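These are my notebook entries on a single protein chain. I record what I looked up and what I found.

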Amino acid sequence: MESTQLVILAGLVIGLIYGAVGLLSGFCLMSSMRGFLAKGDGRLVRTYALAVAVAIAASQLLAGSGTVDLGKSIYLQQTFSAPVLFLGGLLFGYGMVLSNGCGSRALVLLGRGNLRSFVVVIVLAIAAQMTLKGLIAPARIAVVQVSQTTVKSNSLPSVLAALGAVEPVSRALAAAAIVVALILFAFAHPAFRRSPGQIAAGIIVGLLVAGGWFATGSLGADDFNPVPVTSLTFIAPIADALQYAMLSTGLTLNFGIATVAGVLAGSLVTALATGRFHLEGYSSPRHMLRSAGGAALMGIGGVMAFGCSIGQGLTGMSTLALGSFVAVTGILLGTAAGLRGALRVQPFEAATGAGSPAA
């Protein structure tokens, strides 16, 4: 098989696994923070923390061994706009609360028969494509150009290297500090330690991130036909997947599109096999409007932030890029604002009296 075909196949397999794990475990940053901040249940947020730790450890091992050059990814650019990354993260995080889940979660729920997620996926894709290449793109590019900064150190390892540490040591120190802290946070929670399914989910999702880097950065490292070095991310791929579904004769399959298809298929097969498949819809027009509005914010914000709660929260963080820390801070603050405080998004049944919760 050619390298491009291997990368597409790898994306499909990674998506299939993510779709199955996501459905069975409920893996989702928004659900994690809702449980942590509003319901006092910290298991899901520990699953997410463990996934980040595993993604960082495995990805930095690949980079340190020379297997993958993470510097070719979009996250480790020398020039970036911190204000745009942060604002995009805020918009994405708040939109995620309005829609009751991120783009990857919407794909997983769509595979289970949740028709609300169909609206979220379509609106997110359109908004993202408008921000990438359409009506909103010129404004985004103009703001980026006036606010971007060129830095000498664009990652935690490079910051340590600038202070005098040699590259292998700076990489190991930066990765170890964050990985150890996240693992201690995860396993300090007794309920999480008694949840083998959640532990397995965190480990598997983290390894999938490293698997994506290996697929595109090693299997796809063809001098004559190289593929972009990337891993799990969902905003641009969902937009590309919708465009490919409409205009496939003029486009080419890539890792991201294959991953999106795999997530949907993996969730659907798992839902059918476990008896979880059932059709769901909106309870009212207002319910649909709020969900679609959140999806639009996620599409716009996700493009501005160079990723979503997976694309930046896991994949970007696995590179230890400074820009990813900025974007993830925005995502976390935007999500927190939607869950608590003056801008809190009321649960739909509480806000409208409807008996069906938002999703």
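**Entry 1: surroundings of V45**

I looked up the partners of V45 and, leaving aside neighbours within four places in sequence, found it in contact with S32, F36 and F185. I note that the model is a predicted one. I located V45 in helix 3, which covers residues 43-64. I then checked the pair V45 and F185: they lie 140 residues apart along the chain, and their C-alpha atoms are separated by 9.7 Å. I classed V45 as buried because its relative accessibility is 13%, and the cut-off for buried is under 20%.

**Entry 2: cysteines**

I searched for disulfides and found zero in the structure. A disulfide is a covalent bond between the sulfur atoms of two cysteines. I recorded C28 as buried, because its relative accessibility is 2%. I recorded C102 as buried too, because its value is 1%.

**Entry 3: helix 14**

I compared the length of helix 14 (residues 285-304) with expectation. At 1.5 Å a residue, its 20 residues should span 28 Å, and the end C-alpha atoms are 29 Å apart, which agrees. I listed its buried residues, among them H287, R290, S291, M298 and V303. After helix 14 comes F306, for which I noted a positive phi, near 65°.

Conventions:
Residues are numbered from 1 along each chain as its sequence is written. This is a predicted model: local features need pLDDT of at least 70, side-chain atom pairs count only at pLDDT 80 or more; totals for chains, interfaces and linings use all residues. Side-chain values use heavy atoms; hydrogens and water are left out. Helices (H or I, at least four residues) and strands (E, at least two) are DSSP runs, numbered from the N terminus. The expected span of a helix is 1.5 Å times one less than its number of residues. Buried means under 20% relative accessible area, exposed over 50%, partly exposed in between (1.4 Å probe, protein chains only). A disulfide is a pair of cysteine sulfur atoms within 2.5 Å. Contact means heavy atoms within 4.5 Å.
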